[in-house]
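Me: I would like to learn how to read a few features of a model with you, one at a time. Could we take the general idea in each case and then turn to the example?

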Amino acid sequence: MKFIPYIKTLGRLAADLVFPISCIICGQGEKFLCESCQAKLTRLDKQLCVVCKKPAAYGKTHSTCVTRNTLDGIISALSYTDKRTKKLIGTFKYQFISDLAAPMSHMIVEEITKQGITGYFAEFTIIPVPLHKRRLNWRGFNQAELLAEALGKNLNIPVDKTLVTRAKFTTPQIELKAEQRKTNIENAFETKNTTVGRYLLVDDVVTTGSTLNEIAKLLKKHGATEVWAATSAHG
Ligand SMILES: [Zn+2]
Ligand SMILES: [Zn+2]
């Protein structure tokens, strides 16, 4: 594991020599995401309830939808229907472009600020959606962890990367139909401790919400009083 940052640095260095850094969307500038493209990405016009997918104030799960098995709310910055956002997230996930964590967390903070609920998360602990060890070893890093660290710094709240682990090696949700996703992810996570407290789960993108709801269920079962999520994009 100790080699990974070293290899990543070497890899980045080699990549920078071959491909000088430029915006992955427009190919201009000297950053992976230029300010102009960042500003143009389609924002989510309304926050959505993670259960019924209908608009919900602040992204808070409707009182008629929330249970012990769901999130209490979710905040997302971008619309995943925007092809540029898909490209951005794909690059972040599969091409080791860790520098994208900063602009992506910045856009989440912008949305939280826009919703006027910045102070709401003061007592929360951030938890990145964990990868299975096998997948982490293969990929070298967990993009949700990088995003979580950047968001933790921005919101000035702690990040706990070990409280929840992935016990089951599952088929990537993206390869499954919506109705298969819930079964696929069932009991995929575990925790060895009590989880009394409030938590903010972090991931790059949410689609059906099955993964985030599954973690919320686990945390609430072990003592959590409230579980929210923040993602870069909402599909
Ligand atoms: Zn650009
Ligand atoms: Zn609802």
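Me: Is Ala167 buried, exposed or partly exposed, and how many other C-beta atoms lie within 10 Å?

Reply: A residue is called buried if 20 or more other C-beta atoms lie within 10 Å of its own, exposed if 12 or fewer, and partly exposed in between, with C-beta atoms placed from the backbone. Ala167 has 14 other C-beta atoms within 10 Å and is therefore partly exposed. Ala167 sits in the loop between strand S3 (165-166) and H7, where helices (H or I, at least four residues) and strands (E, at least two) are DSSP runs, numbered from the N terminus. This is a predicted model, in which local features need pLDDT of at least 70 and side-chain atom pairs count only at pLDDT 80 or more, while totals for chains, interfaces and linings use all residues. Residues are numbered from 1 along each chain as its sequence is written, and chains are lettered from A and ligands numbered from 1 in the order in which they are written.

Me: Which residues does Ala167 touch, leaving out those up to four places away in sequence?

Reply: Two residues are in contact if their C-beta atoms, placed from the backbone, lie within 7 Å. On that basis Ala167 touches Ala188, Phe189 and Glu190, with residues up to four places away in sequence not counted. Thr195, by comparison, is 28 residues from Ala167 in sequence and 17 Å from Ala167 in space, C-alpha to C-alpha.

Me: How should I read the packing of two helices, and what is the angle between H4 and H6?

Reply: Two packed helices are described by the angle between their axes and the distance between the axes. Axes are lines fitted to C-alpha atoms, for helices over the stretch in contact, and angles run from 0 to 180 degrees between N-to-C directions. H4 and H6 pack at an angle of about 50 degrees, and their axes are 9 Å apart. H4 is therefore oblique to H6, given that angles under 35 degrees count as roughly parallel, over 145 as roughly antiparallel, 65 to 115 as roughly perpendicular and the rest as oblique. The crossing of H4 with H6 is right-handed; a crossing is left-handed if the near helix is turned anticlockwise from the far one by less than a right angle, and right-handed if clockwise.

Me: Which residues make the contact between H4 and H6?

Reply: From H4 come Ala101, Ala102, Met104, Ser105, His106, Ile108 and Val109, and from H6 come Leu146, Leu147, Ala150, Leu151, Asn154 and Leu155. By class, this contact of H4 with H6 has 10 nonpolar, 3 polar and no charged residues, where Ala, Val, Leu, Ile, Met, Phe, Trp, Tyr, Cys and Pro count as nonpolar, Asp, Glu, Lys and Arg as charged, and the others, Gly among them, as polar. Val109 in H4 is in contact with Asn154 and Leu155, leaving aside neighbours within four places in sequence, and Val109 counts as partly exposed because 17 C-beta neighbours lie inside 10 Å.

Me: What is the angle between H7 and H8, and which residues meet there?

Reply: Helix H7 (residues 178-185) and helix H8 (residues 210-221) pack at about 30 degrees, with their axes 9 Å apart. H7 is therefore roughly parallel to H8, and their crossing is right-handed. Arg181, Lys182 and Ile185 of H7 meet Ser210, Thr211 and Glu214 of H8, a contact that by class has 1 nonpolar, 2 polar and 3 charged residues.

Me: Which residues touch the most other members of the largest nonpolar core?

Reply: In soluble globular proteins, nonpolar side chains tend to be buried together. A nonpolar core is a set of buried Ala, Val, Leu, Ile, Met, Phe, Trp, Tyr and Cys residues joined through C-beta atoms within 7 Å. The largest one here has 54 residues, of which Leu200, Leu201 and Val202 touch the most other members. H6 gives the most to this core, with 7 residues. Leu201 touches Ile127, Val129, Leu212, Ile215, Val227 and Ala229, not counting residues up to four places away in sequence.

Me: Is Gly152 buried or exposed?

Reply: Gly152, in helix H6, counts as buried because 20 C-beta neighbours lie inside 10 Å. Gly152 touches Ile126, Ile157, Pro158 and Val159, with residues up to four places away in sequence left out.
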